[in-house]
Every structure is written in C-alpha cells, then in structure tokens.
Number of protein chains: 2
Amino acid sequence: MGQKILIIGGVAAGPKTACRLNRLDPEAEITIIDQDNLISYGGCGIPYYISGDVSDEKELRNTSFHTTRDESFFINAKGVTVLTRTRVLAINRNKREVEAENLDTGTRKSIKYDKLVITTGSQPYILPIPGVDLDGVFIISDLHKAITIKERLARGEISKAVIIGGGAIGLEMAESFADLWGVTTSLIEFMPQLLPNILDSDFAGMLAKHMRDHGVNIYLGEAAQSIEADLNGKACKVITANREIEADIVIMAAGVRPRAQLAEDSGLLVSKFGIVVNNRLQTSDPDIYAAGDCIENTHLVSGKKCMAPMGSLANREGRIVADNLAGIPSTYEGWIGSFVMKAFECCVGGTGLSYQTAKAEGFDADYVISAQSDRAHFFPEQAVIPLQMVFDRKTRRVLGLQGFGPMNDAVLARIDAAAALIAKGGTIDDFSKLEMAYAPPFATALDALNATANVADNKASGRLQTISITDFMAWMDNLDSHPDWVALDIRHPAESEMFVKKYGARWLPVPYVNIRQRYRELPTDKTMIIICDAGTRSYEIQRFLDYKKFHSLVLGGGFNCIRRIGADWWPSK
Amino acid sequence: MGQKILIIGGVAAGPKTACRLNRLDPEAEITIIDQDNLISYGGCGIPYYISGDVSDEKELRNTSFHTTRDESFFINAKGVTVLTRTRVLAINRNKREVEAENLDTGTRKSIKYDKLVITTGSQPYILPIPGVDLDGVFIISDLHKAITIKERLARGEISKAVIIGGGAIGLEMAESFADLWGVTTSLIEFMPQLLPNILDSDFAGMLAKHMRDHGVNIYLGEAAQSIEADLNGKACKVITANREIEADIVIMAAGVRPRAQLAEDSGLLVSKFGIVVNNRLQTSDPDIYAAGDCIENTHLVSGKKCMAPMGSLANREGRIVADNLAGIPSTYEGWIGSFVMKAFECCVGGTGLSYQTAKAEGFDADYVISAQSDRAHFFPEQAVIPLQMVFDRKTRRVLGLQGFGPMNDAVLARIDAAAALIAKGGTIDDFSKLEMAYAPPFATALDALNATANVADNKASGRLQTISITDFMAWMDNLDSHPDWVALDIRHPAESEMFVKKYGARWLPVPYVNIRQRYRELPTDKTMIIICDAGTRSYEIQRFLDYKKFHSLVLGGGFNCIRRIGADWWPSK
C-alpha cells in the first residue's frame, strides 16, 4: 500500500497536487475532500460566465478536451478519490486523522492520513456594514453564486448593479454586467483609485476613464456605508457619504482573506496573511502541507510576507507540494505580482512592485512612463501602449512594470518578459538589452519595453528631468500655484493651437523640428514643461536645451497618457 | 569644437548612433555618409509596403509623428549632417580621413574624422547561376528595388512570381505577392525545410503547410539552377532539377553577407561573419567602431561567432556605439536569436538555439513539443499554440524555444519571456516557475510556457519517454519498418474511429478516461505509441502504464501538431 494523502479543498491547488502526485507516485492513495459538490473549476472564469462569453458553467468545470471534472472523472481518469459535500471539522494531528462530516447525511467519520494537504483557498471579505445579508447581495465566492446571478440576469431581474470594490474581480464583474447585459452598473471603491496597491495612479486613471467611457459609473474614495432593503426585504440601494445608488443586485468584491481557520484551530502557525509555510510548502507540522490562496506568500521583489490569492500561483504551488510528497525536493520561493486584466476593449497589466508600494517598502524608487507603439508605426494595426517602469535609483534594479493597451496580447508580451527579468533581479541595462523578437507586425525595432528601459536609463543617469503626470495635472488644475512655468509644446501646430488659444502666454508652441533654429525665443527665467505626445521628442529637446543652459522638465508619457486619463482643463475644440 | 564623428551608412545603426550621440554629446560634429538618396528607413517593412499593408514608401521613412527622415530632418531636428549620394572610396586610417565621391557630380573630397563608425549593413547573396542579371530578377536590397516591384505589380505586369530562398525575407515576400495581389507564387528552398537553422523541421513543416494552404507553391530541397529569358531578354522561367517554373518576376532572397569590403580594404580585421569588434563595438582600430549587419556577432547561447543581420540588433548596437563615443562604457555581448514572423494568418517565432543547431554546437540537447492553449480553454478566442523547448540534458539549461500560432501576439509573449530567461541562463525550473501574467482572456492558469517547461522537466527527469514527430511520421510512412508497435489512441472514439478503420489491429482505441479500467486489454509484447491531441493526456497514461509495466512512447505535441504539418497517411473521412 502506498502513502495515504488527504487533501482538504478541491478547486485549484488541491486537484493539481492530487493529479501530479498520482503521476509521480501511482501507489499513493489520494483523497480530496471538499464541502461543495462542484469542484475543480476555473474560478477566474466566473465573470466571463456571467457576461455570457462562456455560455455554460460546465465549461468552467471541463477539461480542455470537454470532459467534466467531477468525482467520477477524478477516480476514473486520475485515480484520485473525491469526497464532495464533505466538511472537515477538525484535524487531529497526533493521531494523523481528520474528523469529517457528510453535509447531506450528517454522518461523521475519521479519516487517516500519512500526509495532509490544506488547500482551503480564500474567502471574500464581507464589509461590516448594515444590509450585507440582504437578498440580492452577492459575493463571488463559488460557482453556485455565479449560477444564481446569471439566472437572475437571464430572467431580466437585474437592470441596476452596484459593485463594492475596485479590485480585479469587481472590475471584471462590472464589465460583465455593463457590456453584455446592458445593466446600469456602478462601482464604488473606498480608496482614491482603482486597483489600489497594484497599479499606480496614472494607470489606474487610464483604466477608470476607459471603464467610464464604457458606461460604468465609478465612484472613487467613497465607502459603502450601508445597503438598504425594499419592502420585500431585497437589497435596493447602496448608501455612501455622497450618494445613494439604486441597485437590483449588489456585488461585494472587497477583497479576500485566507481561509485558514481550520489550520489555526488545529494549532498550525498562521499569520494574518495565511498559513505559514516553508519553501517546501510544509506548515509548522512537517506532515501537513498547504498551497493556494490560504498560505502566507512572499513577495520576491520586496522580500515581504503577503497574501497572493491567484489561480496561477495555486497551480504552481500544488505542483511543488506534489513533488515534495513524492520525494522531489522542489521549492517555492514566492511570487512577484504578475497580473493582467481585460477591461472592455483594453488590457491592463503589471508585474513586480508599483511605485507607491516600492516607496512604502523602503526602496529608493523612481519611475518613468513612456508611450511607445506596440508594433511598427507604419503597420496598420499599431497602437500606443503606455508602459511605466519602476526602478531603484541606487542599484538600477527594475522593481516593476505596468502597461495599458488595447485588448490583445501586446501588453501581456511586455509584462511576461519583464516578469522573467524581474524574477532574476534584472537591471535597467538588462531590460535595455533584452532581445525582444522583432518584425513590423509584432514590435518596433527597438521594442516598447527596451525603449522604456532606455528612458529609465536616461532618468537614472541624470540625463532626463521629468515632471510627473500627477504634478503636471495639479499645476494645470491650479495654474497660479506655480507662476514661473510655461508649457513648451513641440507638437504639430494643429495639435498645440487650441492650447495656445486657451492658455495664452503660458503656452509656447515651437514645433520639434524648429527648436534648433528658434531656441533663442525661449525664456531663460522660467521652467519650461516640454510637451509632446509620448515624451520621446521632449527628451531630445531637453538635451539640446540643457546644452543651451535653459531649464526644462519633460512630461513623461506626454499628452497621449493625459488624454487616456482625461482632464477637466483640456480645451474644447 | 567637439569631436568629429563620421558615420558610413545611413539606414539603421548609423542614424541610431548619430541621434543618440547628439543627445549625449551635443558638441560633437556628426556626419552620416550614404551612397543612396533614401536613408533611415524601415527596411523590414519592405514586404508590407509591397503587399500594400503600407500604402506609401514614405511611411517607411517617416517618424512615428509623420515627418520624413531626410537630410533636412536630420540637420534641423537632430543636429546631424547627412551626405547622401556619397560613396566612401577608401579609409586612410593614418590620416584619420576618408576619401568620398559625390555620385551625382563625381567630385571627390577627403573628410577628416576623430572617430569613424562603419554601419554599412549587409548585401544580398546572389546565387552564381545563369540569368541572375536579367530584367525581372530582383534582390530586396533597398527601397528603390521595392518601389520598382510595386510599380510593376500596380501596372498588372506580374501574375507569376518565383522566390528563391525560404528564409524570412523570402517568406514575407511570398505572402506579399500571393495575399494581396493574387499573384501565382512559388518559393524554392535549397534546404529540405523552410527557415533552415532557425526552426526545427516540425515547426518548419507547420509553416510550409500553412503557406501551401494559402496558395504558395513550396519546393523544398530544390536548387534554382538557372533563370531563363524570354525573347525580350526578360526573366520568364526558373529551372530546378525537377521542374521549370514560369515567372514574371524572380526574387532572389538567398540570404545576405556582411558589407565589409571597405573595412577589409582599409586593413581592419574582418572574418567571414563580418567586421571583427570587441564588446565596446570597436574594430581592430580603436578609433573605428562598427555596428549593424556588417559586424561579426556572437551567439550568447552557443558562444559561437556568427552573422546576425537584424534591424532590432542594429538599433541596439548603434546605441552602444553612441554611448562609447560619449564616454559611457556600455557593452554589447551578443544576441540570442529572437525572431518572430507573420505568415498569412499565422505567426511563427523562436529564440535561442534550435535543436538541430544545439546538437551541432555540441550540446547534449533534447527537446519537447507541447500543444497547449494560449488562453483559458473556455475562453471563446482560445487557440492552441505548439511550443518546442530545447534544453541541455546535463545542465537542464533551456537553450531555445520555438512557437507557432495564430496571427496575434500570443506566440510573441512566450518568445519574449523565454528570451529574457535564456539570456540569463535560465533552466527548465526557472521556466517552470516563471510567473506569467494570468487572466482567462490572456493565458491559462499554468501558462503554455510553464506547461511546456513542465513537460521538459518530465522528459529531463526520465519520467516521460517520447517518440519524435519525425520518427513517428517515418514509421507511419513505412508501417512495416517497425513491426512491434501499436498506436494506443486515447482520444474520443469519434476521433480515433477513422484511424481504426484504416489501420486495423495496429490502432488500439481506448479512451483516456477508460484506461485504468481496461489496461489489461493492452499488449505487453509491443511498444505502444500513445496518441492524444496534445501529448498531455498521453503523458498521464504513460505514467500509469509504466507503473503497470507496459512499454509505451508518447507522441509529443500529439495529433494537433501532426494535423498542422499534414501527412499523406492521414485517413480520409
């Protein structure tokens, strides 16, 4: 008889552990226990099931070869026993057994193990506000909830939706409602930006504008204070300090917490980030492993402990646990924060640390934003993909990358390449030299990622002085707060004209190609903010103006980025 | 006065050097000399100009902000002097001057330099066969030739085209003719596959089938022996050992050679791969730098010297030369062979070494092929992207990656990520853990690249025994050459049925989900080739059959890859 392996939790990390272990050690007797009847599903696909992109929930539970991953599939195809609708009540570590209850019959039994694997995942955080228990308030915690939501949509019961939380799930749910179902959708985020801690404010601003342009009402810096019921006791309204928003459905997407109570109750070491594990994914009890959303993770760039509730990591971690159970000494060191997200016709992604997070973690961080084309500028389908590179001034190590672009894989390609280098401690110079594949339909000769690294090199080497988009926006919002500056708009006159008309003497239009001839017209007693569409030409001009002893700042990312963020001060034509 | 910098060659590396140097050292007096009147153009865009994707050749010479990069642009915007239609006849290194001739007036003059930069590029290799000088035979060496070809196409003078050479330029030209202009297009490649040395045969096979499916006649392993003329002295026919192919136009795309004669004549060290440079891109004369197609490059995976005629490298190298001229000690170590290519509705790419090349370079190389989805299998736009990973058995270092997929950036994302890790000496385990960004519209939870690394891990660890597609194809072509094997087809009966009908006892259909129940039916005295669509399920089954003491081989990449390559033995329905 082989070793008895018991796995608690059957969604992602659990099944991955079970299936790989069976391949590595066919003698092992492997059992997965899950309290649900639906197991091994693609939870990240729930928003696409609700939107209708995925027509049937079964597709989320199917293999790529169209077989449903249910109990009989696991035993027949994988040699793994699954006990569904079974809840583990307690772990008796001394006896190496768990106490489990069948939720349909109420029957309890003890199940022995040689090694136990805890893959209990995460649970949504429920805001402590009145009304969260009302009918019509949903968390996206499992497939059942998703099925109910879709039924209500299909019956036409939902015409107004409110999402609480501007993280990835909240945003994906907002798109699901607004895009395919035409539901009037509002999203409330307590923090002043979308995707807080993950994106920096400029990129979050681009995302917010794009969501708003597609009809989603976004309220930032507003907390949901209560959810009110109609006469039937159904949620009908979400109240914030500033407004009341009507709702037929309220989605609570305020983040998740590790589901680690069972581990904690059985005396395992658990931190606020989850079950504490070593790099073999062993808990404080060497006979018990843990993987997936429920474990405490390590951010490899900051070195700090954190949560990392990602389906992609759950699969990687499950594989590591299986290896160790089979005697292969694989290790898991942590994650670096790679993510990507669809938002209507756009894509936003990142890896590593944001600038704000890097500063908070004590790095001597700086960043640049560039707005380069994703493919040759003469190729018909080209689009600009703003990229932000965060780096450490002292070591020149790249700490993070963010990207925003059209809904294709252009941003993904740059994020994935960056993830590979960041994981290896790559510096600005590594990024500058990184050999991205090139042909005009796919990239520019010097890829957007290389070009962004070159901008970072210029900044880190003191050759480029920038003003951040945030600061520039503030200066524009309150023109007289900084009296001694003028905009040097080097774009084509057709582009600068309406700004000159609105801003008069504060807006100097001198086209890029004319600067070398006309620089003597420029003021020597003012700071010039050089403005172009991407920041690239502005840098060239700054180098020339530095040489001629003028003082200037480059608006990194240029007006391309500002247009994407949107600004009240933008002149109307 | 600043240093006098003279640059010979004004297409890619030269202008890059000039423009960056001006930014780093605005005092420098920089002059570019080029024998052509058209400079600083996107040569890689020529096939897209000919196809019509790019409507005007000016777009290839424009900046991204629609200004033409001509002499006046360079002096006005960049502060760089350009002498066009000027040929350098000789370099007098003792006097630090060049002898140059104005090609329009015949005037000669000497031009002094403090530092010289040679960026003379490459020249097409002209096959030594009769007829190469005929009217109607073109090389794609510059924009003038491209303009002439397009004029002939637009005048309707071309209805039959023959391309000699199955490298990237030949393939892109074939697509240009066939796709938009409906020209009957044939391509002749001397070697037995397309993109020889860059792709391995399976992926080259997928590419060839896709080209053929789009109407391009492809003749492999055939040399062009002569080009024949019609009565007007115009090329009308290409002759090989096997056939005569009618042609209104013949494109000679048989590769390029470094344009290094001038360097050689002036006594600089030149190898068969180009001008010899150190890692500061200095030639054997420390006052002379070189960059772009004309230099000898180093392949960073093999460590071997080679040519690397790539527009993307020319730009990187130009930047390094500028740095060194300005006193910044940047270094260039070499390239790793990243490439990507559009072919009608598909994309093919790679980085690092192919398996064949890795073997030839002395590595203890092995490879695996997988056929995974580019995004979640339940997401509507998902497609399978076959990937091939080449690795060293001893060190587990990944040596190369190849990919084939639909015409989007899915393959690019995997190639670029692989390039980053390969450049850092990444191992199979690094690839397995690489944190690719995940959301269902962009990737699978375990990305196709990670999954391919996991297959490589299984292979390298001795847990996976495969038969190569090449070998399997040979066995199928000659069934009796290996009498003791049977196919174990674990796909759905609807898929295996027609094979059973054609191949009888040699084809055992046992669906994947039934193997554990029915394995006792399987032969113990034969090698079973396990067949599924991707190789993944076959691996699972092999692990089980190994445990039960059967002997089997997995067809890596499965029938998905074979369908893409095409096979005569495929049964008709």
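Take helix 6 of chain B, residues 168-181: at 1.5 Å a residue its 14 residues should span 20 Å, and its end C-alpha atoms sit 19 Å apart, which agrees. (The expected span is 1.5 Å times one less than the number of residues; helices are DSSP runs of H or I with at least four residues, strands are E runs of at least two, and both are numbered from the N terminus.) This is a predicted model, where local features need pLDDT of at least 70, side-chain atom pairs count only at pLDDT 80 or more, and totals for chains, interfaces and linings use all residues. Residues are numbered from 1 along each chain as its sequence is written, while chains are lettered from A and ligands numbered from 1 in the order in which they are written.

**Around helix 6 of chain B**
- The rest of the structure largely encloses this helix, because 11 of its 14 residues are buried (20 or more other C-beta atoms within 10 Å of a residue's own, with C-beta atoms placed from the backbone).
- Among those buried are Ala168(B), Glu172(B) and Phe177(B).

**Where the chains meet**
- 71 residues of chain B are in contact with 71 of chain A (C-beta atoms, placed from the backbone, within 7 Å).
- On the chain B side, helix 11 gives the most, with 10 residues.
- That side divides into 41 nonpolar, 16 polar and 14 charged residues (Ala, Val, Leu, Ile, Met, Phe, Trp, Tyr, Cys and Pro count as nonpolar, Asp, Glu, Lys and Arg as charged, the others, Gly among them, as polar).

Note on methods. Two residues are in contact if their C-beta atoms, placed from the backbone, lie within 7 Å. A residue is buried if 20 or more other C-beta atoms lie within 10 Å of its own, exposed if 12 or fewer, and partly exposed in between; C-beta atoms are placed from the backbone.
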